Amino acid sequence: MSDAGVPHLAPEAFPDRARDVADLLTRYWKSLESRPVTPDMKPGDLLRGLPESPPETPSTDDDSWSGLLGDVERLILPALTHWQSPNFFAYFPANASAPAMFAELLSAGLGVQGMLWATSPACTELEIRMMDWLAEAIGLPDRFRFDRPGSVGGGVIQGTASESTLTALVAARARIIRTLAEHSTSVPDDLESRLTVYTSTQAHSSVIKAAIVAGFARHADDRRRIRLIETDEHCRLRTDRLREAMLADIQAGLIPAFVSATMGTTATTAIDPIAEIADAIKTVTEITSTGAASIANPWLHVDAAFAGAACVCPEFRHLLHGIDRVDSLCFNPHKWLLTNFDYDAFWVADRRALTDALSISPEYLRNAASDAGTIEFRDWHVPLGRRFRSLKLWFVMRHYGLEGLRQHIREHIRLANLFESLLRADNRFEIVQERTLNLVCFRLRGEGAESDAANKRLLDAINATRRIFLTHAVLPKEARPAGGRLFLRMCIASPTTRESHVNDAWNLIQSLA
């Protein structure tokens, strides 16, 4: 206890307490395979086991510490959905690995707040290098890197892909306003109310939420300035419909501002045709010869939140075809690249468009490094404060190397291929969408509402066992005109999943079907 009476933990006590936490985590990881994937809980169950008021007096002795860790094992672990379980096949993953955990501990222990280069040069400069490493690892063009001659692009760590989409949208709006101001004697008073956003019906909900936060929409169903573009039978954005929507909006006096393409949709991992979308944008701007819309090019953003990780393998880099023509892109190493949540990698082709939109320099943040033009990541996203997140990727890439990361991705794709082959051998099931990577989309055969109900019953029966965990989605009518659109998603991406787990999952699904 300090002289002031504050019960800080003495530095010499830290190793023993840290070892206790490491022991708890070791027991947890060893138990994952035997634990039910989802908890046997009802809303409020944990709340009833927790005191309603905080403790008044300190509890710093060893017995109190043991009691706290005991409560973690007694109360918290049984109330978790175990995302790292080898039998977790739901949603998309949130991969964790020991190197990233150690880096997270180190980041917390160092207590860095890296809002400026001056507040911790290592935080800024390691992040610059890690974003370039990651750009090289997935094969991005030089225009997105800091270290290439003539490049004005670069990358930054965001918390999630949702934050990247919002940031890109704000930058797009600022670029259009600035461009129009440079080419016009005056900017229309109603300019912002005329800017429109485009994405596919299969895009992540974060695009709509970004539009709400940025003021393009009042609520989730407000479609006055958000266009959800129809998809084709493979759930990919239709570029002809995009082109038609943009031209119709321009004729109505609106200004296309932002297009979000998806590389790996949430429901089916469909890959929007990036190059064709860029062509559609180019065509629209070329044939619009008058008015504000002819001056303001829409910003093209690519959300590759999940699928981007696969591009560490050269054989999947074709998914990025056309990426040299986009303004920004992002993907989440915390999904499939063994880098603990949260960690989204966001790149822009022109960092000036981003910083012009988000830079605010009050006197209390002014310093010599900033004035000299040093990269200041506080100007690259919404928050001012920044954690030392680049340590996680540094540890992961140095431990696994690119080859280890490629093996990680390829093994999951191999297991997905295995599961798909098992499904195809059972004529009760059908594959509803062509598999892109490691997500298998399947259902019991049939059409109409009753078929959907049967598949929902199967899903509920599977998850009720708590032995594995799957989720569902619904195909758009373009992909399934006859009806019967609800399907099951089997995403194989846990670091601990082996072939035996896939076979056991299949045996369970078969028995319940």
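Four residues of α1, namely R17, L24, Y28 and S31, are buried. They cover an arc of only 75° around the axis, which puts them on the same side of α1. What lies over these buried residues? Part of the cover comes from helix α3, residues 62-76.

Keep in mind as you look around that this is a predicted model. The mean pLDDT of the chain is 92, and 97% of its residues reach 70 or more. Confidence is lowest in helix α12 (residues 368-371), with a mean of 78, and highest in strand β7 (residues 344-348), at 98.

Strand β7 leads us to the sheet. This is an open sheet of seven strands with mixed pairing, and the order is β1-β7-β6-β5-β4-β2-β3. Which strands stand at the edges? They are β1 (154-158) and β3 (226-229); each has a single partner strand, so one side of each is left without a neighbour in the sheet. On average, neighbouring strands of this sheet are turned by 20° against each other, if direction is ignored.

Now zoom in on one pair of strands. β6 (residues 328-331) and β7 run antiparallel and are joined by four bridges. Here you can find F331 opposite A345 in β7. Helix α5 (residues 121-138) packs on the sheet, where it touches β1, β6 and β7. The direction of α5 makes about 85° with that of β7. Another helix that packs on the sheet is α8 (residues 239-251), which touches β2 (195-200), β3 and β4 (255-262). The direction of α8 makes about 165° with that of β2.

Let us finish with some details of the backbone in the loops. The peptide bond from F341 to D342 is cis, with omega near 5°, and D342 lies in the loop between α10 (333-336) and β7.

Two other residues have a positive phi although neither is a glycine: Y91, at about 50°, and T269, at about 55°. Y91 sits in the loop between α3 and α4 (98-110), while T269 is in the loop between β4 and α9 (274-287). Is T269 buried or exposed? Its relative accessibility is 0%, so T269 counts as buried. Y91, with a relative accessibility of 42%, counts as partly exposed, because that class lies between the 20% limit for buried and the 50% limit for exposed.

Conventions: Residues are numbered from 1 along each chain as its sequence is written. This is a predicted model: local features need pLDDT of at least 70, side-chain atom pairs count only at pLDDT 80 or more; totals for chains, interfaces and linings use all residues. Side-chain values use heavy atoms; hydrogens and water are left out. Buried means under 20% relative accessible area, exposed over 50%, partly exposed in between (1.4 Å probe, protein chains only). Helices (H or I, at least four residues) and strands (E, at least two) are DSSP runs, numbered from the N terminus. The arc is that of the directions from the helix axis to the C-beta atoms. Contact means heavy atoms within 4.5 Å. pLDDT is the predictor's confidence in each residue, from 0 to 100. Two strands pair if DSSP finds at least two bridges between them. Axes are lines fitted to C-alpha atoms, for helices over the stretch in contact, and angles run from 0 to 180 degrees between N-to-C directions.
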